[in-house]
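Dear colleague,

Please find below the structure I promised to pass on to you.

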Amino acid sequence: MLFPVGSRWLAAILALTFCTSASAGDVLFENVRIFDGRSATLSAPSHVLVKGNVIERISTAPIAVADAQRVAGNGHTLMPGLIDNHWHAMLIRVTPAQAFGDVGYNNLLAGNEATDTLMRGFTTVRDVGGPVFGLKRAIDEGIVKGPRIYPSGAMITITSGHGDFRQLTDLPRTIGGMLTRMEQVGGAIVADSPDEVRVRAREQLMQGASQVKLTAGGGVSSPFSPVDVTTFTEAELRAAVEAAENWGTYVAAHAFTPAAIQRAVAAGVKCIEHGMLMDEATARLLADKDIWLSLQPLPEGLRLGFPEGSVQRAKADEVWPGIARSYEFARKYKIKTAWGTDVLFSRALAQQQGAILASLTRWYTPAEALVMATSTNAELLALSGKRNPYPGKLGVVEQGALADLLLVDGNPLDNINLIADPANNFKIIMKDGVIYKNTLSK
């Protein structure tokens, strides 16, 4: 029997044939205080049994079980693995010039960074743009250690939109003509009509996208994309929304300005990425329409990473003042708010992933920030419906949930800065029932 190359069916068969993932054994955490991903307080001293890749039982009484690996918690905090909902796994370690270069080198670099991401306690990321399908498969098969990845595939953009990193020498573009290197490697792809958008969205879904990412307005890092510009037409956005909804999932749209956000919402987009230049009327719209806002407390180091005098630095200077205002609107109108980092082209900033999360305490309590990075982020992931590559409960410590767990030396609800130093404070990192780090005996 012949299978179409790249189909989900073929990928599933190959995964079964060549899977090298280690099977998880039973693990019993004894005498731990639980942050369950939802509550503002820790539990009483408890015991948690992980069977396979699922939390089977939680009890304040001792759990009798044979042949389980016992972990003496000694009162440490057991909490869900962290989730970063705006990540670019293929664009952390590379420079902009390398991003669409040697595919083999970039994948090896991204694999190494994925391991570091997991070792920072981030057991899941939602990747919102980049050629990440191969990395995800390698992680899922146990070839590379890394987080669960919810992939978007290539960012879909317009000519001169955010994500269009082509050079002027690539113009003029012939619709239906040869793809540029950026598009060939799957980093971003240009679509300038509803029909093109529909095709490109379906291509990402065919490769395994859990959601589709479009850039509905201008952006900071793209050289030819002014921040104030509104890009796709409503008909173009709607074509992507229809394609995604036909597959039971949703579109996430990069948008800063009120006009870009409002057009995306009118077209049926379910999640706005960034939104830092929104006004109060747009904030009310997101709340009234029950639209997700995936917002990031972008670190100053990211802005300063753009060369002084560059067009990117000027655009960053325009966007950064809106961060605080957007968080204030999100709180005021109780917008469904997810958290992510959006780190690009900087290993050093990626190493501050936990510190960026901790910086949310400018607007939230430590408990609120940690709930956002666990159970709330997991709610957004579940919006992928049947395109969810990891069915099951994430972001919580409860019976029946997937066993993505961190054992923390201390109470992060009292001191959220513990998560900024995972090397010292995360004693155990477990993903899918497998322990990837254990320093309790050291």
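The notes below begin with the overall fold and then turn to the aromatic residues.

Please bear in mind that this is a predicted model. The protein contains 15 helices and 18 strands. Its radius of gyration is 21 Å, close to the 22 Å given by the globule rule for 442 residues, so the protein is as compact as a globular protein of that length. The C-alpha trace spans about 70 × 60 × 40 Å along the principal axes.

Of the 442 residues, 56% count as buried. The accessible surface amounts to about 17500 Å², and carbon and sulfur atoms account for 55% of that area. Among contacts between residues at least 6 apart in sequence, 69% join residues at least 24 apart. As for charge, there are 42 positive and 43 negative charges, and their mean positions lie 3 Å apart.

Turning to the aromatic residues, the structure holds four aromatic pairs. One of them is formed by Phe 122 and Trp 339: the ring centres are 6.0 Å apart and the planes meet at 25 degrees, so this pair is stacked. The pair links distant parts of the chain, with Phe 122 in strand E7 (residues 122–127) and Trp 339 in strand E15 (residues 337–339), 217 residues apart. Phe 122 and Trp 339 are both buried. Elsewhere, ring pairs join Tyr 327, Trp 363 and Tyr 364 into a cluster.

With kind regards

How values were computed
Residues numbered from 1 in each chain as written. Predicted model: local features only at pLDDT ≥ 70, side-chain atom pairs only at ≥ 80, totals over all residues. Heavy atoms only, no water. Helix = DSSP H or I, 4+ residues; strand = E, 2+ residues; numbered from the N terminus. Rg over C-alpha atoms; globule rule 2.2 N^0.38 Å. Buried < 20%, exposed > 50% of the residue type's maximum accessible area, 1.4 Å probe, protein only. Contact = heavy atoms within 4.5 Å. Areas by Shrake-Rupley, 256 points an atom, 1.4 Å probe, with all protein chains shown as cover. Lys, Arg positive; Asp, Glu negative; His and termini not counted. Charge placed at Lys NZ, Arg CZ, Asp CG, Glu CD. Phe/Tyr/Trp six-rings, centres within 6.5 Å; stacked < 30°, edge-to-face > 60°.
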